[in-house]
Amino acid sequence: MTRFIAMLAAMLLSLAALPAHAAVLITFWSHEFGNHFPHAFFTLRGTPDAGGEPVDLNYGFTPKAITPAILFGPVAGRIDIAKRGYMDGSDAQFSLVLTDAQYASILRLVDEWDEKKGDGTYRMNTRNCVHFTQEAARRAGLTQVEFPGLMKKPRSYLKAVATANATQVTVIDRHGKEYLASLEAERKPVVPSAINAPAAPAAPLAVN
């Protein structure tokens, strides 16, 4: 009986360690206007269906220097990787599961907008962080992504996309710190409690 309990505990532990999704989940985020960019970005979490190492990535697009020049014409831009503190102060708007082909296409998008691998030009009116997330949403399979009047309003834009594609996305609408904490809680392995395990049979008493 003791050996069976040990085997059961090991099996439960291995199941608890598996990712919640056997695919990559893309989540779109917004950040209220301030002195830091980007104000729209996305995260990639999970494991590709084809297998491999789990991924935990995030990407946004931002001007390399925040100066008045961004108001008057094209400037140098770059792919931005948000730090945890920035994500804590942002808002997770919605998510959806990617196929491996969609995931690969979004990684190509990152390279295409990277200053070293592609075109890193930032244009406030036509190639900003919202345009970057718009193209990611399109490559993720969403069809209703055109909202011309919202391309300088990250939160409003992403909420409009979520509403227009309601049957394809999962609305999150949670503050970043709370949402990330919930993800971390889900990933913690569940160790079977020894308190609830059946007691091992007592050894027979020796008879003199």
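A: Under the criterion that a side-chain nitrogen of Lys or Arg lies within 4 Å of a carboxyl oxygen of Asp or Glu, the count comes to 12 salt bridges. The model is predicted: local features need pLDDT of at least 70, side-chain atom pairs count only at pLDDT 80 or more, and totals for chains, interfaces and linings use all residues. Residues are numbered from 1 along each chain as its sequence is written, and side-chain values use heavy atoms, with hydrogens and water left out.

One of these salt bridges joins lysine 64 to glutamate 115, with 2.9 Å between the closest N and O atoms. Lysine 64 lies in the loop between β3 (55-63) and β4 (75-80), and glutamate 115 in the loop between α3 (100-113) and β6 (121-122), so the pair ties together parts that are 51 residues apart in sequence. Here helices (H or I, at least four residues) and strands (E, at least two) are DSSP runs, numbered from the N terminus. For accessibility, buried means under 20% relative accessible area, exposed over 50%, and partly exposed in between (1.4 Å probe, protein chains only). Lysine 64 is partly exposed at 45%, and glutamate 115 is partly exposed at 35%.

A further salt bridge links lysine 117 with aspartate 111, the closest N and O atoms being 3.4 Å apart. Lysine 117 is exposed, at 63% relative accessibility, whereas aspartate 111 is partly exposed at 33%. Arginine 174 and glutamate 178 also meet through their side chains, at 3.1 Å from N to O. Both are partly exposed, arginine 174 at 28% and glutamate 178 at 46%. Elsewhere, salt bridges with shared partners join Glu112, Glu135, Arg138, Arg139 and Glu146 into one network.

The setting of these pairs is a protein chain with 6 helices and 7 strands, which run α-β-β-β-β-α-β-α-β-α-α-β-α from the N terminus on. Of its 208 residues, 41% are buried. Two strands pair if DSSP finds at least two bridges between them. β3 pairs in the antiparallel sense with β2 over 6 bridges and with β4 over 4 bridges. Leucine 57 in β3 stands opposite leucine 44, and glycine 60 has aspartate 80 in β4 as its bridge partner.

The interior can be described through nonpolar cores, each a set of buried Ala, Val, Leu, Ile, Met, Phe, Trp, Tyr and Cys residues joined through side-chain atoms within 4.5 Å. The largest has 36 residues, and those with the most contacts inside it are Ile26, Phe28, Phe42, Leu44, Phe94 and Phe132. Elements giving two or more residues to this core include β3, β4 and α3. A second, separate core of 10 residues includes Trp29, Ala82, Tyr86 and Ile172. Among contacts in the protein chain between residues at least 6 apart in sequence, 64% join residues at least 24 apart.

How values were computed
Contact means heavy atoms within 4.5 Å.
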